[in-house]
Amino acid sequence: MNNQSQRVVLITGGSSGIGFEMAKQMVAQHSVVIICGRSQEKLEDAKRKVPQLVTIQCDITKAEDRLALHKQISTNFRGLNMLMNNAGIAKRYLLAKTGDLESRIEEELQTNFLAPVLLTQLFLPMLIENKGTVVNVSSGLAYVPLSVEPSYCASKAALHSMTQSMRVQFAKSGIKVVEIFYPSVDTPFQGGHAPEKCHETGRCSSHCASGLE
């Protein structure tokens with residue numbers, strides 16, 4: 001697929017929450033939208049709701065899965081011109097009371113920081129060829145951390161810093177780098193911990209997202 005006038009986008013973590021909403025809106029704009037995620041069940045549910053979606057099961061924290069994803073897209077969607085690094089996880093814990101601290105930190109850093117960076121590098125030649133765009137979904141918690149989600153906030157701070165470096169480095173290759181800071185919304189990602197205002201209105205301020213209200 002080499003039609004450069006058409007957006008061809010890959011959204012990680014696109015089977016639910018904000019990722020799925022972005023996928024739906026892009027399909028409505030006649031984009032070719034590929035979503036990937038770890039859960040085949042969630043991918044199938046997303047496909048039932050939006051039949052135009054292309055779904056690929058992939059755990060982006062695993063090198064072999066990233067390579068398989070790249071191979072499949074290189075074969076079938078060579079015109080890929082947007083990578084949206086949306087997948088993320090957040091766990092609440094207290095540093096003084098967590099016995100498996102190392103594994104918790106590693107899991108969140110792998111998902112929220114390392115995997116998006118490595119995936120971007122993997123797709124870089126294709127994005128350069130198609131004068132594409134990299135979109136990193138960050139968080140206001142990179143600036144004002146929520147104390148009970150220390151690894152998530154640290155990983156988003158790392159992604160924010162890396163995004164700034166990407167923007168400068170990739171500009172020479174004609175690639176745009178965009179960083180998205182969503183307010184907190186009531187999605188499955190919140191795991192039942194959405195701020196009270198989100199339940200009332202479906203949206204809230206960045207201060208609320210940071211636990212300051």
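1. Helices (H or I, at least four residues) and strands (E, at least two) are DSSP runs, numbered from the N terminus. The model is predicted, so local features need pLDDT of at least 70 and side-chain atom pairs count only at pLDDT 80 or more, whereas totals for chains, interfaces and linings use all residues. Residues are numbered from 1 along each chain as its sequence is written, and side-chain values use heavy atoms, with hydrogens and water left out.

2. Two residues other than glycine have a positive phi. K131 sits in the loop between α4 and β5, with phi near 50°. Its relative accessibility is 65%, and K131 therefore counts as exposed (over 50% relative accessible area; buried is under 20% and partly exposed lies in between, with a 1.4 Å probe and protein chains only). H30 is placed in the loop between α1 (17-28) and β2, and its phi is near 70°. H30 is likewise exposed, with a relative accessible area of 65%. As background, most residues other than glycine have a negative phi.

3. The largest nonpolar core comprises 26 residues. Such a core is a set of buried Ala, Val, Leu, Ile, Met, Phe, Trp, Tyr and Cys residues joined through side-chain atoms within 4.5 Å. The residues with the most contacts inside this core are L10, I34, I60, L69, I73, L80 and F123. Two or more residues are given to it by each of β1 (8-12), β2 (32-37), α3 (63-76), α4 (101-129) and α5 (150-171). The largest share, 7 residues, belongs to α4.

4. Leaving aside residues up to four places away in sequence, I34 touches V8, V9, L10, I11, V54, I56, F77 and L80, where contact means heavy atoms within 4.5 Å. A second, separate core of 17 residues includes V9, L53, M84 and V137.

5. How do α4 and α5 pack? Their angle is about 15° and their axes are 8 Å apart; axes are lines fitted to C-alpha atoms, for helices over the stretch in contact, and angles run from 0 to 180 degrees between N-to-C directions. The two helices α4 and α5 are therefore roughly parallel (under 35 degrees; over 145 is roughly antiparallel, 65 to 115 roughly perpendicular and the rest oblique). The crossing of α4 and α5 is right-handed, that is, the near helix is turned clockwise from the far one by less than a right angle. Among the residues making the contact are I105, L109 and F113 of α4 and Y152, L159 and M166 of α5. By class, this contact of α4 with α5 has 12 nonpolar, 4 polar and 1 charged residues; Ala, Val, Leu, Ile, Met, Phe, Trp, Tyr, Cys and Pro count as nonpolar, Asp, Glu, Lys and Arg as charged, and the others, Gly among them, as polar.

6. The pair α3 and α4 packs at about 30°, with axes 11 Å apart, and α3 and α4 are therefore roughly parallel. The crossing of α3 past α4 is right-handed. The contact involves R66, L67, L69, H70, I73 and S74 of α3 and A115, L118, L119, L122, F123 and M126 of α4. These residues divide into 9 nonpolar, 2 polar and 1 charged.

7. V148 lies in the loop between β5 (133-137) and α5 and, at 26% relative accessibility, counts as partly exposed. Its C-alpha atom is separated by 6.2 Å from that of L94, a residue 54 places away along the chain. Excluding residues up to four places away in sequence, V148 touches K91, R92, Y93 and L94.
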